[in-house]
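Colleague: Could you take me through one part of this model up close? I'd like to hear about a pair of packed helices, with a bit of the surroundings for context.

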Amino acid sequence: MRASVRQQIRRLQRAILLLCIAFVAPVACAKAVDSCPVEKGVTLQILGSGGPIADDGRASAGYLVWVDGESKVMIDTGGGTFLRFGEAGAKFASLDFIGLSHFHTDHSADLPALLKSGYFSDRQRSLIVAGPDASAPFPGLATYLDSMLAKPNGAYAYLSGYLDGTGGLPNIEPFEVEKDKSAAVTVFGEEDGEMQISALHVPHGIVPALAFRVRIGAASVVFASDQNGDDPAFVEFAKNATILVMHMPVPEGVSGAGRKLHAPPSVIGSIAQQAGVGTLVLSHLMARSLKNLDNHVEIVKANYDGRVIVANDLDCITLKK
Ligand SMILES: [Zn+2]
């Protein structure tokens with residue numbers, strides 16, 4: 001879509017939102033309205049708010065954290081986020097960190113496309129990429145990167161410079177997070193530094209998966225990733241976050257494999273409440289959770305007292321100015 005058309009659509013969406021706030025129940029209208037991104041301060045931007053099926057008009061999972069107008073952190077690179085990354089005006093050269101929560105395609109498939117895009121940037125400095133360790137049939141981060149980039153058998157071995165710094169490409173510094181149920185691991189920065197990012201393994205069926213906490217100054221945003229919400233360690237990890245992004249691909253009452261992989265709306269609300277977060281963002285929406293969306297949001301709100309925002313692609317939410 002051309003940028004001018006997209007801007008017109010966004011203006012229309014905002015006008016509808018104002019009407020909504022004035023005349024309709026707020027639950028139906030909960031939406032981010034902040035400008036994208038703020039020049040001074042910290043902004044969360046949704047790149048992909050959809051799921052793994054190409055039927056929801058949304059990109060798969062992906063998020064940016066902007067700091068003082070620069071795209072510093074990217075969490076997840078699901079299908080479609082490559083396009084949204086460009087639409088957002090993000091720059092590969094500005095990224096300090098990419099976090100891959102897990103190796104389902106809807107969280108990781110656009111990474112090689114972003115790396116190829118980065119080939120055309122003037123980036124020289126290395127890039128830290130964090131992801132989980134292996135558990136069959138899922139690879140760990142190092143194997144995942146090798147399967148794409150390593151000579152001679154990687155699918156995109158022509159980009160192998162990302163592994164060894166040759167060909168004018170910046171080095172990827174992989175940080176593979178081992179599974180340890182009790183501990184969060186710092187994957188970027190220092191505890192007393194301006195920006196620190198930590199990761200924690202979360203329960204997502206048999207899939208090794210990471211939540212990330214990005215702290216900039218006193219503000220923090222927690223990305224829950226796909227998880228079933230059953231591990232109390234995550235509540236501690238998300239404690240007092242400025243914003244918590246949780247994934248809501250399944251409706252209330254889900255059972256079987258869906259429940260082993262994902263948290264239903266009541267569990268999402270309960271986690272946000274226990275963690276005492278300031279704002280809860282509901283993302284990774286699928287047709288089955290978009291159907292009766294207001295109902296699901298009401299269930300979340302019945303369990304959580306704070307502000308709830310339903311994510312849309314390219315929305316921005318300001319953490320601090
Ligand atoms: Zn998943």
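Modeller: A residue is called buried when its relative accessible area is under 20%. By that cut-off, 54% of the 321 residues of the protein are buried in this predicted model. The protein has eleven helices and 14 strands, and it exposes about 13,600 Å², with carbon and sulfur atoms supplying 54% of that area. As for contacts between residues at least 6 apart in sequence, 64% of them join residues at least 24 apart.

Now for the helix pair. Two packed helices are described by the angle between their axes and the distance between the axes. Here the pair is helix 4, residues 111–119, and helix 5, residues 141–149; their axes come within 11 Å and cross at roughly 60°. That angle makes helix 4 oblique to helix 5, and the crossing is right-handed. On the helix 4 side, the contact is made by Leu111, Pro112 and Leu115, which meet Tyr144, Leu145, Met148 and Leu149 of helix 5. Sorted by type, the residues of this contact come out as seven nonpolar, with no polar and no charged ones.

While you have the model open, have a look at a loop as well. Isoleucine 53 sits between strand 1 (42–48) and strand 2 (62–67). Its relative accessibility is 46%, so isoleucine 53 counts as partly exposed. Alanine 287 is 234 residues away from isoleucine 53 in sequence, yet their C-alpha atoms are 8.5 Å apart in space.

Notes: Residues numbered from 1 in each chain as written. Predicted model: local features only at pLDDT ≥ 70, side-chain atom pairs only at ≥ 80, totals over all residues. Heavy atoms only, no water. Axes fitted to C-alpha atoms, helices over the stretch in contact; angles between N-to-C directions. Helix = DSSP H or I, 4+ residues; strand = E, 2+ residues; numbered from the N terminus. Parallel < 35°, antiparallel > 145°, perpendicular 65-115°, else oblique. Left-handed = near helix turned anticlockwise from the far one by under 90°. Contact = heavy atoms within 4.5 Å. Nonpolar A, V, L, I, M, F, W, Y, C, P; charged D, E, K, R; others polar. Buried < 20%, exposed > 50% of the residue type's maximum accessible area, 1.4 Å probe, protein only. Areas by Shrake-Rupley, 256 points an atom, 1.4 Å probe, with all protein chains shown as cover.
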